[in-house]
Amino acid sequence: MNVLGILPFARQLLANAITEGDNVIDGTAGNGHDTLFLAKLVGKTGKVFAFDIQEQAILNTKVRLEENDALTQVTLFQKGHEEVKSFVPNGAIGNITGAIFNLGYLPGGDKAIVTKPDTTLQAITDIFSMLKKGGIIVLVIYYGHEEGKSEKDEVINFVSNIDQTEAHVLSYQFINQKNNPPFIVAIEKR
Ligand SMILES: C[S@@+](CC[C@H](N)C(=O)[O-])C[C@H]1O[C@@H](n2cnc3c(N)ncnc32)[C@H](O)[C@@H]1O
């Protein structure tokens, strides 16, 4: 396939916006794949602030980072991303160049624990206010599960109404695939 798949495209968007030494956020650490990707982009001089409400997710992420010598540039919070403003240090506010969210449930974990529309929108709003110009929020939206459908609708409604003078907002989606495959929404601050 010559077009980028969903996860490679999400990573390409992040890599375009983030350089070594930057401050970035993983809103849903999960098993730590994206946290590690961000940690490699920012390097030892940068900082990743990673959030997840589940202890298992934080542990899994910590192990992955340790195995890859990338724990030092990451701060893990077992907190909801809707609390991001209380935990990201003042010095990083206005200076965030990238953030990633993988919405839905923890792969291999409890499928009843999922991201929710209200808290997702709160986190998007707060992180957008922390972005540097050119900074990007990438959302990978999984909506195959029941709650995922309303979350998808609420996120699309919200981001579609962001003033175009404030952000470039895009959707990247394979529209002929069956079974509700994940898709991307990205918000770049202008
Ligand atoms: C699809 S998974 C993330 C996968 C992860 N990006 C990875 O690389 O493995 C979604 C995660 O969001 C977490 N989550 C749910 N609600 C949350 C909230 N309010 N704040 C932070 N994380 C939340 C879940 O615990 C779950 O681990």
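Which residue has a polar side-chain atom 3.0 Å from a nitrogen atom of the ligand? Glutamate 82. That pair is a polar contact, meaning N or O atoms within 3.5 Å.

Some ground rules. This is a predicted model, where local features need pLDDT of at least 70 and side-chain atom pairs count only at pLDDT 80 or more, while totals for chains, interfaces and linings use all residues. Residues are numbered from 1 along each chain as its sequence is written, and side-chain values use heavy atoms, with hydrogens and water left out.

Histidine 81 has a polar backbone atom 2.8 Å from a ligand nitrogen. For threonine 28, again a polar backbone atom, the distance to a ligand nitrogen is 3.1 Å. Alone, the ligand exposes 600 Å², and the protein buries 95% of that (Shrake-Rupley, 1.4 Å probe).

Next, strand β1, residues 23-26. Strands are DSSP runs of E, at least two residues; helices are H or I, at least four. Asparagine 23 sits in β1. It counts as buried because its relative accessibility is 18%, and the cut-off for buried is under 20% (1.4 Å probe, protein chains only). Beyond four places in sequence, asparagine 23 touches Lys47, Phe49 and Ala92, among others. Contact means heavy atoms within 4.5 Å.

Now the largest nonpolar core: 29 residues. By definition, these are buried Ala, Val, Leu, Ile, Met, Phe, Trp, Tyr and Cys, joined through side-chain atoms within 4.5 Å. Ile25 is among the members touching the most others. Helix α5 gives the largest share, six residues. A second, separate core has 26 residues, including Leu36 and Phe174.

How values were computed. Buried means under 20% relative accessible area, exposed over 50%, partly exposed in between (1.4 Å probe, protein chains only). A polar contact is a pair of N or O atoms within 3.5 Å; within protein, one must be able to donate a hydrogen and the other to accept it, and residues adjacent in sequence count only if both atoms are side-chain atoms.
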